[in-house]
Amino acid sequence: MRKMYLSAPLPFVGQKRMFAKEFMKVLEQYPDGTLFVDLFGGSGLLSHITKSLKPHSTVIYNDFDNYRFRMKHIPQTNQLLADIREMVGNSVPRHKIIKGELRERIFSRIEQEENSTGYVDFITLSSSILFSMKYKLSVQDMRKEALYNNIRKTGYPECTDYLEGLEIVSCDYKEVFNRYKDIPGVVFLVDPPYLSTDVGTYNMYWNMADYLDVLNVLKGHSYVYFTSNKSSILELCEWIGKNKDLGNPFENCTKVEFNAHMNYNSSYTDMMLCCLTTFTLPVLNRKAADGNLYVHGFFCLIQAVITAA
């Protein structure tokens, strides 16, 4: 029997290791042989668990973020981390800041790796030398952050069997969905980037409209869907369900924007939306030609949107 992993071999923002055991319980209700399509494959953990429990099922893993490429370079990543681990030694306590000449030596080693091989797994590297849950994708961006001695004490296992048996694709989730949506009994695994969370390490730009578009996948299909309370998506859908006839209240609005900065790396956009309507009010002025006073009314909404620079 193949080994089943309950966490991804390499760091990945949003991998579902906390849901692994509950996800396994959900899979029990589907017969072996069911077609599973992991639209937002991420670290591949959901696909891996599904294939492990349902060996006769076809499992489509959409590796849009090229996680398999990172896994292929695990030996190279381990060597880079080993060199940095040796540099730091016992000179900096665990979880403390790395400063001065040692910091520059670490950056030099990373730059050497990138120049000589053309590749550095910055996500895995970030988890060892940046503050917890901070991820940067270049030396230039790393230089803006403090370095910490969070260096992994041992190398990452290569886990060559982790993606075994999966059918791997790499394309937009809508393309994958359209390819399999009409197959009877298909089950979609839907774990999109969470709204109101950092998606800087994903290979996509993600806004609210994109997030809501995902809901089209759910209608009329079996699915396992993941979200968080940060997105308020459940509350939003419940509200829309109660106000079906509202439509888009901002459809004919005029929008004015103003950009401002809170600090060196954060900015926000204030938006004013104005809707012009015409209505009449009866008046007692007998000199008015038709007895009515015409009044222009304005509806305005002011909204603040905070974004990272």
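Helices here are DSSP runs of H or I with at least four residues, strands are runs of E with at least two, and both are numbered from the N terminus. Before I go on, this is a predicted model, where local features need pLDDT of at least 70, side-chain atom pairs count only at pLDDT 80 or more, and totals for chains, interfaces and linings use all residues. Residues are numbered from 1 along each chain as its sequence is written, and side-chain values use heavy atoms, with hydrogens and water left out.

So, is Thr 34 buried or exposed? With a relative accessible area of 9%, Thr 34 is buried. By buried I mean under 20% relative accessible area, with exposed over 50% and partly exposed in between, using a 1.4 Å probe and protein chains only. Its side chain reaches the backbone oxygen of Pro 31 at 2.7 Å. Skipping residues up to four places away in sequence, Thr 34 touches Ser 57, Thr 58, Gly 185 and Val 187; a contact is heavy atoms within 4.5 Å.

Now step back to H1, residues 20-27. Its buried residues are Ala 20, Phe 23, Met 24 and Leu 27. Why do they end up on the same side of H1? Because they cover an arc of only 105° around the axis, taking the directions from the helix axis to the C-beta atoms. Lys 21 and Lys 25, on the other side of H1, are exposed. The cover over the buried residues includes strand E1 (36-38), helix H2 (45-53), strand E6 (187-190) and strand E7 (222-225).

Three of those names bring us to the sheet. It's an open one of 5 strands, ordered E5-E2-E1-E6-E7, with parallel pairing. Strand E5 (167-169) and E7 are at the edges with a single partner strand each, so one side of each has no neighbour in the sheet. On average, neighbouring strands are turned by 20° against each other, direction ignored. Two strands pair if DSSP finds at least two bridges between them.

Look at E6 next. E1 and E6 run parallel and are joined by 3 bridges, with Val 37 opposite Phe 188 in E6. E6 and E7 are also parallel, over 4 bridges, and here Phe 188 stands opposite Tyr 223 in E7. In a regular strand, side chains alternate between the two faces of the sheet. In E6, Val 187 and Leu 189 point one way, Phe 188 and Val 190 the other, and all are buried.

Helix H8, residues 173-180, lies across E1, strand E2 (59-62), E5 and E6, at about 160° to E2. For that angle, axes are lines fitted to C-alpha atoms, for helices over the stretch in contact, and angles run from 0 to 180 degrees between N-to-C directions.

How far apart are Val 169 and Phe 64 in sequence and in space? They're 105 residues apart in sequence, and 7.6 Å apart in space, C-alpha to C-alpha. Leaving aside neighbours within four places, the contacts of Val 169 include Ile 60, Tyr 61, Val 176 and Arg 179.

Last, the whole chain: 11 helices and 10 strands, with 40% of its 309 residues counting as buried.

Conventions
Polar contact = N/O pair within 3.5 Å; in protein donor to acceptor, adjacent residues only side chain to side chain.
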